[in-house]
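Hi everyone, thanks for coming.

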Amino acid sequence: MPAKVTYELNDGVARIGLDDGKVNVMSAAMLGEIGAAFDRAETEAEIVVLRSGRPGIFSAGFDLKVFASGDAARSLEMVRAGAELALRLMSFPHPTIGVMEGHAYPMGTFLLLACDVRLGARGAHRLGLNEVAIGIAPPSFAIELARSRLHPAWLSRTVTLGEMYEPEEAQAAGFLDRVVAPEMVDTTIETIITGLRAIHKPSLATAKRRLRQGAMDAMRAAIDRELTMAAYEASNRARSAVALPGRGRHPAEKGLA
């Protein structure tokens with residue numbers, strides 16, 4: 001089976017690419033590959049760039065078919081893998097750059113939120129926490145992650161109303177730090193990398209932990225409280241009622257497959 005994640009190291013920069021051949025659904029396997037790429041980057045690199053290799057899509061988020069199957073064990077494995085990865089990125093010792101050039105459904109949004117620098121390309125693509133629109137309450141670890149980066153009014157709208165935002169709105173909300181024309185993405189990445197090279201890396205790692213410790217503690221508590229088999233079995237009936245749009249296709253696949 002082809003790898004869903006690519007890894008390229010050049011001049012101290014690890015470039016992690018997401019490409020499952022479709023819409024980068026965050027299955028447990030996909031999340032495992034991303035985690036393995038960050039394992040390599042932690043020992044080999046100084047800066048990490050996380051980017052999709054699929055036109056028009058960063059990630060379609062968690063695999064909705066797993067939720068709809070009613071298989072609590074598989075759902076738990078997948079969501080816990082995503083939660084642990086997002087938590088890890090919050091304190092990753094090297095600077096991280098997340099690049100949004102297409103739709104980012106929730107787990108994709110979580111990964112972008114956890115990156116140090118979030119760069120977006122202008123376009124008719126969106127990101128946000130839209131779980132309530134498909135019959136799922138956003139997990140508390142994700143709400144705590146979003147709380148640490150978003151302005152309060154936007155946080156309330158995306159968590160409770162499931163709103164998704166195009167890049168300019170996403171920047172205003174706090175999802176993204178910079179938004180540029182698509183043709184300027186590569187140049188901007190290199191400019192960001194140049195700036196990050198000048199930062200004292202041990203100090204950056206310490207500053208991250210000090211700034212984010214409260215959010216990370218809240219995420220850890222939420223993971224340990226909610227992402228257990230007992231909690232999943234208690235809410236399995238609600239998850240099994242998830243209706244997949246488009247006759248089983250993920251909403252991100254419409255017009256992209």
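Let's start with a word we need: helices (H or I, at least four residues) and strands (E, at least two) are DSSP runs, numbered from the N terminus. Please keep in mind that this is a predicted model, where local features need pLDDT of at least 70, side-chain atom pairs count only at pLDDT 80 or more, and totals for chains, interfaces and linings use all residues. Residues are numbered from 1 along each chain as its sequence is written, and side-chain values use heavy atoms, leaving out hydrogens and water.

Now, R220 and D224 both sit in helix 9, 4 residues apart, about one turn of the helix. They form a salt bridge, with the closest N and O atoms 3.3 Å apart. By salt bridge I mean a side-chain nitrogen of Lys or Arg within 4 Å of a carboxyl oxygen of Asp or Glu. Salt bridges that share partners join R80, E84, R220 and D224 into one network.

How many salt bridges does a search of the whole structure find? The search gives 19. In one of them, D177 meets R118 at 2.7 Å, N to O. D177 lies in the loop between helix 7 and strand 12 and R118 in strand 9, so the pair ties together parts 59 residues apart in sequence. Is R118 buried or exposed? R118 counts as buried, at 3% relative accessibility, while D177 is partly exposed at 33%. Buried means under 20% relative accessible area, exposed over 50%, and partly exposed in between (1.4 Å probe, protein chains only).
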